[in-house]
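Open the model in your viewer and keep the selection panel handy. We will walk from one stop to the next, and at each one you will hear what to pick and what is there.

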2 protein chains.
Amino acid sequence: MPPLHSPLSLRPHLLLLRYRTLIPLLRRSPSCEPPLRRPKRCLSMRAAAAATAQQPELGVEEAVVGFVTGKRKATEVAHAVWRSIVRKGDTVVDATCGNGNDTLALLKMVADERGQGRVYGMDIQDSAIESTSSFLKMAMGDDQQEPVKLFPVCHSRMEEIVPKDTPVRLVAFNLGYLPGGDKTLITVPRTTELALQAASRILSSGGLISVLVYIGHPGGRDELDVVESFASSLPVDTWASCKLQMVNRPIAPVLILLNKKDQFQ
Amino acid sequence: MPPLHSPLSLRPHLLLLRYRTLIPLLRRSPSCEPPLRRPKRCLSMRAAAAATAQQPELGVEEAVVGFVTGKRKATEVAHAVWRSIVRKGDTVVDATCGNGNDTLALLKMVADERGQGRVYGMDIQDSAIESTSSFLKMAMGDDQQEPVKLFPVCHSRMEEIVPKDTPVRLVAFNLGYLPGGDKTLITVPRTTELALQAASRILSSGGLISVLVYIGHPGGRDELDVVESFASSLPVDTWASCKLQMVNRPIAPVLILLNKKDQFQ
């Protein structure tokens with residue numbers, strides 16, 4: 001199958017039109033599991049989107065000290081670290097769009113006046129892509145989401161989506177069940193491992209793979225094992241792999257950050 | 001045995017004089033192991049002290065992002081977090097003085113014009129206390145160490161040193177062998193556990209116990225197990241316990257931060 005280098009527009013009618021064409025093709029791959037996640041359907045999505053869009057952007061200090069003192073979440077630490085690494089005009093990947101929160105955060109980081117920034121978002125479930133598209137539209141309005149390209153595919157196939165030789169600064173994963181969603185619908189270790197391998201190949205020097213692993217559900221620990229095993233296997237001369245977790249909250253999500261060391265620094 | 005509320009002066013002659021008086025008394029306690037650590041004797045201590053005193057003070061962002069990208073050490077993250085929590089005039093404890101690096105960092109954090117700040121430093125080995133005293137003198141000069149009170153006692157007995165009812169903002173541990181020293185001379189789990197329990201009792205609301213565990217030596221993993229077990233046992237409503245570690249460097253030190261939640265925030 002040739003690479004899918006023609007991104008989908010976020011304009012809803014084009015989005016749906018392109019999906020219908022692409023889905024049969026994309027679902028043929030044996031590397032992708034059947035849909036296992038369902039996006040949270042929330043009546044107050046518009047309010048949530050507006051609130052998210054207007055949230056003050058925490059610095060790393062506030063996020064980390066807040067995490068240490070139990071006032072901030074691991075996801076806030078992740079976003080703060082992303083902001084310190086991602087620049088306007090960068091290309092980034094949201095490997096698990098879900099309800100679109102991370103996609104929106106990434107859009108705000110890369111969107112630039114020259115129109116070079118790109119967020120390639122993917123989720124194996126059509127409904128998650130639709131939710132993300134709606135969420136972005138509500139948060140940013142009709143004309144501000146041009147840098148986001150959404151695909152209803154398994155994240156293990158991100159190399160078919162991101163244009164070849166494009167330097168990717170960040171690949172973000174949010175693994176497990178969707179907060180507020182059905183905890184039996186989860187990402188699974190096999191395709192997550194393939195996706196991590198793909199992310200490590202497309203990441204540019206100096207870039208970051210960010211993995212937030214939710215473990216408070218059946219299968220969560222198995223997935224964490226896979227991510228930790230992958231992180232531990234990365235050679236120390238070219239990768240820095242670190243883990244941040246709460247230890248007196250055994251089911252709190254674990255944040256794993258994998259930096260492909262910048263060879264020029 | 002009555003509490004030891006009369007701190008030792010840092011002036012070397014007084015320090016040694018007081019040691020001779022105190023050591024027999026202090027060593028009587030069955031809770032303390034015999035000396036197991038030896039401070040690093042370094043010919044370039046004066047240069048190291050001067051360099052340490054003049055080091056730029058990293059912010060949390062620079063330290064954490066540097067850690068994530070493999071450019072900064074866990075100890076630099078620890079110091080940056082301490083600086084964000086400790087204030088001028090605070091009382092803090094260096095539970096493992098060793099070569100005095102942490103003691104110096106803490107002195108710079110708490111020293112204030114009103115003379116209220118205090119660093120209570122301890123180490124089971126006399127030679128470590130002597131090294132720390134010399135290191136501080138070389139780094140800060142003769143007259144700048146007044147806030148530091150050093151005691152050659154096991155850290156499990158910190159409650160006998162810190163004046164009763166003094167709010168303690170930070171208790172810092174640096175566990176294992178001394179960098180550059182003999183790796184067979186290590187802190188041990190039993191007294192470390194007692195010391196952590198003591199620290200949790202004297203810490204003020206909003207304060208932090210910081211534990212850097214070196215694990216690249218025999219016994220290091222056992223000590224980490226004890227610290228993790230203690231951290232995991234702290235009730236989540238009153239404590240936030242987090243852990244930061246490199247996962248592709250299996251013997252890299254592990255940083256565990258335990259915050260006694262501020263009940264008034």
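Start in chain A by selecting helix H3 (residues 60-68) and helix H4 (residues 74-85) of chain A, whose axes come within 9 Å and cross at roughly 155°. Before going further, please note that this is a predicted model, in which local features need pLDDT of at least 70, side-chain atom pairs count only at pLDDT 80 or more, and totals for chains, interfaces and linings use all residues. Residues are numbered from 1 along each chain as its sequence is written, chains are lettered from A and ligands numbered from 1 in the order in which they are written, and side-chain values use heavy atoms, with hydrogens and water left out.

Helices here are DSSP runs (H or I, at least four residues), and strands (E, at least two) are too, numbered from the N terminus. Axes are lines fitted to C-alpha atoms, for helices over the stretch in contact, with angles from 0 to 180 degrees between N-to-C directions. H3(A) and H4(A) are therefore roughly antiparallel (over 145 degrees; under 35 counts as roughly parallel, 65 to 115 as roughly perpendicular and the rest as oblique). Their crossing is left-handed (the near helix is turned anticlockwise from the far one by less than a right angle; clockwise is right-handed).

Now show the side chains. From H3(A), pick Val60(A), Ala63(A), Val64(A) and Phe67(A); they meet Ala74(A), Glu76(A), Val77(A), Ala80(A), Val81(A) and Ser84(A) in H4(A), where contact means heavy atoms within 4.5 Å. By class, this contact of H3(A) with H4(A) holds eight nonpolar, one polar and one charged residues (Ala, Val, Leu, Ile, Met, Phe, Trp, Tyr, Cys and Pro count as nonpolar, Asp, Glu, Lys and Arg as charged, and the others, Gly among them, as polar).

Next, stay in chain A and select helix H5 (residues 101-110) and helix H6 (residues 126-140), which pack at about 45° with axes 9 Å apart. That makes H5(A) oblique to H6(A). Asn101(A), Thr103(A), Leu104(A), Leu107(A) and Lys108(A) of H5(A) touch Thr132(A), Phe135(A), Leu136(A), Ala139(A) and Met140(A) of H6(A).

Hop over to chain B for helix H4 (residues 74-85) and helix H5 (residues 101-110), packed at about 25° with axes 10 Å apart. H4(B) is thus roughly parallel to H5(B).

Finally, zoom out to both chains. How many residues of chain A are in contact with chain B? There are 33, facing 33 residues of chain B. The two chains bury about 2700 Å² between them, 66% of it on carbon and sulfur atoms; buried area is the accessible area (1.4 Å probe) that two parts lose on being put together, summed over both. Highlight Val68(A), Val247(A) and Asn248(A), which supply 24% of the area that chain A buries against chain B, more than any other three residues.
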